[in-house]
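Dear colleague,

I am passing on the structure we spoke of, together with notes on what was found in it. Please read the notes with the coordinates open beside them.

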Amino acid sequence: MPEDVDAPSSQRMLEIYLNDHLAAATGGVALARRATRNNRDAAITPRLAAVAREIEQDRRSLLAIMRKLDVQVARYKVAMGWAGEKAGRLKLNGGLVNRTPLSDLIELEALVLGVQGKAAGWRTLLTIAEREPRVNTDMLRNLLTRAQQQFDELESIRVQIASEMTT
């Protein structure tokens, strides 16, 4: 079968993949900060703040991995991730201008989904690490473990917010 001359190289596909994850991470950091800032529950806010700090650290870890793999940051994708988070604020949450209790729930669900996507990215990088010595597998395993802990914490908060909305 002839080789497709238009097919991107493995390096190019990795660049696209990692930059897409970086764009999502950029939006995730902004969302985590906003969710923390807007939360009014004194018991939840420090928990959200801790996860938000970790999400920011994970984004920095992704940038470090990209540097090790000689992947250039696609600034336009980072800008799109930031803008996407801003556009995500324009959702029907029962209040046109003001936040409602549903706003907190929707933000938590978005964070939960984002952390699951990040974990999938770490798992993908672990498969690449099997043949790519520049990728630190121990670091990736730690990031994957932390993503699972973030998921558990965010899911716990999400369930709490959902139950408070229905009571």
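For the chain, the mean pLDDT is 86, and 81% of its residues reach 70 or more. This is a predicted model, in which local features need pLDDT of at least 70 and side-chain atom pairs count only at pLDDT 80 or more, while totals for chains, interfaces and linings use all residues. Residues are numbered from 1 along each chain as its sequence is written, and side-chain values use heavy atoms, with hydrogens and water left out.

The chain contains 5 helices and 0 strands, so that its elements read α-α-α-α-α from the N terminus on. Of its 167 residues, 41% are buried, a term that here means under 20% relative accessible area, with exposed set at over 50% and partly exposed in between (1.4 Å probe, protein chains only). The chain exposes about 9,900 Å², of which carbon and sulfur atoms supply 57%; these areas come from the Shrake-Rupley method with a 1.4 Å probe, and for residues only the protein chains shown count as cover. Contacts (heavy atoms within 4.5 Å) between residues at least 6 apart in sequence join residues at least 24 apart in 77% of cases.

The largest nonpolar core has 36 residues, and those with the most contacts inside it are Leu-18, Trp-122, Leu-125, Leu-140 and Leu-154. Helix 1, helix 2, helix 4 (101-129) and helix 5 (137-165) each supply at least two residues of this core, with helix 4 giving the most, 11 residues. Such a core is a set of buried Ala, Val, Leu, Ile, Met, Phe, Trp, Tyr and Cys residues joined through side-chain atoms within 4.5 Å. Leaving out residues up to four places away in sequence, Leu-140 touches Ile-65, Trp-122, Leu-125, Leu-126, Ala-129 and Val-135.

Helix 2 (residues 45-68) has 24 residues and should span 34 Å at 1.5 Å a residue, which agrees with the 35 Å between its end C-alpha atoms; the expected span is 1.5 Å times one less than the number of residues. Its buried residues include Leu-48, Ala-49, Ala-52, Ile-55, Asp-58 and Arg-59. Thr-36, in helix 1 (residues 10-38), counts as buried because its relative accessibility is 13%, and, not counting residues up to four places away in sequence, Thr-36 touches Thr-45, Leu-48, Ala-49 and Ala-52.

Two polar contacts deserve a look; the term covers a pair of N or O atoms within 3.5 Å, where within protein one must be able to donate a hydrogen and the other to accept it, and residues adjacent in sequence count only if both atoms are side-chain atoms. In helix 4, Lys-118 is buried, because its relative accessibility is 14%, and the side chain of Lys-118 makes a polar contact with the side chain of Asp-58 (2.6 Å). Apart from neighbours within four places in sequence, Lys-118 is in contact with Ile-55, Asp-58, Ala-147 and Gln-150. Arg-47, in helix 2, is partly exposed at 24% relative accessibility, and its side chain makes a polar contact with the side chain of Ser-156 (3.1 Å). Arg-47 and Leu-154 are 107 residues apart in sequence, yet 8.6 Å apart in space, C-alpha to C-alpha.

In the loop between helix 2 and helix 3, Asp-70 has a positive phi of about 55 degrees although it is not a glycine, and Asp-70 counts as exposed, because its relative accessibility is 53%. Val-73 is in the loop between helix 2 and helix 3 and is partly exposed at 27% relative accessibility; the C-alpha atoms of Val-73 and Asp-20, 53 residues apart along the chain, are separated by 10.0 Å.

With best wishes

Conventions: Helices (H or I, at least four residues) and strands (E, at least two) are DSSP runs, numbered from the N terminus. pLDDT is the predictor's confidence in each residue, from 0 to 100.
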